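Thanks for making time this morning.

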Amino acid sequence: MNTSYPYECLTSIDSTNNYIKNRPEIWSRNFYTVRAIEQTNGRGRYGRSWFSGKNNLTFSFLYNSGLPLNISAITISAGLALRKALSRISGQNLLLKWPNDVTFKGKKLAGLLSEMIQGPESNVIIFGIGVNFNLDNIPEDLRDKTTCLKDITGNYFDAESVIQEIICEMQKYLPLYTLPLSADLIREFSEHCAQDANQVSVIQNGIVLKKEFTVTGINDQGLLCVIHENGMRESINAHELNFS
Ligand code: BTN
């Protein structure tokens, strides 16, 4: 790869998403990336914590297009970019578990936490990315559901080149965002969608409801389209959903 994208690298921070949130002076940038060698309070989706040891890759990517962005739809573009970069790096056709977990053989390789802040002109999105990386020992309680680049390929990876590949794809995919989403992005998502689970918890108004349904795809707003057992169709927002 010829282009080298600059990024800020911190030795240790609570969370790279928090770091960007707390620095309004960078919100007006178009793209900005900050990596932490170690996070002391890495956050996952649904308020979970994110395992952030030194052999994991953790960084956040700020995106400000100067236009209003729909967080569900732009997160689809970011997930596709992450999947593409990690597939190339691992030499495997990785899948996306809606909305943006990157998986290999049903195990999670990478996760993405997108958050929105109000920038000077419009909303700005922070994509927090965690890639399971050179892990020698995946903690036992995570082993059934988690994989890492080293286990997939048998090789250790250089963080610098992996981060560069991901930033490069983000810079290509995020400007493709339109609302409604383009047919090309919807198709690409369906082609690489790993939606085998149909037992989910839906969080509505703070209440967790267990539901069963079949996933049929995404719509042009980036929402998940499902059919319930009784035939009812529904479109669900990623921020309300938790696959079990
Ligand atoms: C998920 O739950 O799958 C999303 C995990 C996102 C973790 C990353 S690590 C870098 C950034 N900083 C955080 O605190 N979280 C995200």
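I will begin with the model as a whole, then turn to the ligand, and finish with a few individual residues.

First, the conventions: what you see is a predicted model, in which local features need pLDDT of at least 70 and side-chain atom pairs count only at pLDDT 80 or more, while totals for chains, interfaces and linings use all residues. Residues are numbered from 1 along each chain as its sequence is written, and side-chain values use heavy atoms, with hydrogens and water left out.

The protein has 5 helices and 12 strands, where helices are DSSP runs of H or I with at least four residues and strands are runs of E with at least two, both numbered from the N terminus. Of its 244 residues, 55% count as buried, and here buried means under 20% relative accessible area, exposed over 50%, and partly exposed in between, using a 1.4 Å probe and protein chains only. The accessible surface comes to about 11500 Å², with 48% of it belonging to carbon and sulfur atoms; areas come from the Shrake-Rupley method with a 1.4 Å probe, and for residues only the protein chains shown count as cover. If we take the contacts (heavy atoms within 4.5 Å) with a separation of 6 or more, residues 24 or more positions apart account for 63% of them.

Now to the ligand. Which residues are the closest to the ligand? They are S15, Q39, R43, R45 and K108, within a shell of 20 residues, a residue being counted as near if one of its heavy atoms lies within 4 Å. That shell divides into 5 nonpolar, 11 polar and 4 charged residues, with Ala, Val, Leu, Ile, Met, Phe, Trp, Tyr, Cys and Pro taken as nonpolar, Asp, Glu, Lys and Arg as charged, and the others, Gly among them, as polar.

Taken alone, the ligand exposes 420 Å², and the protein buries 98% of that. The elements that give two or more residues to the shell are α1 (16-21), β3 (56-63), β6 (107-118) and β7 (123-132), and the largest share, 4 residues, comes from β6.

Q221 is in the loop between β9 (207-218) and β10 (224-228), and Q221 counts as partly exposed because its relative accessibility is 30%. Leaving aside neighbours within four places in sequence, Q221 is in contact with N70, S72, A73, L179 and P180; N70 is 151 residues away along the chain, yet the C-alpha atoms of the pair are separated by 8.1 Å.

K150, in helix α3 (residues 149-153), counts as buried because its relative accessibility is 14%. The side chain of K150 reaches the backbone oxygen of L135 at 3.4 Å, and L135 is also among the residues that K150 touches, together with F133, N134, D136, N155 and Y156, not counting residues up to four places away in sequence.

Finally, the cysteines: how many disulfides does the structure hold? The count is 0, a disulfide being a pair of cysteine sulfur atoms within 2.5 Å. C148 is buried, with a relative accessible area of 0%, whereas C193 counts as partly exposed at 23% relative accessibility.

Terms used. A polar contact is a pair of N or O atoms within 3.5 Å; within protein, one must be able to donate a hydrogen and the other to accept it, and residues adjacent in sequence count only if both atoms are side-chain atoms.
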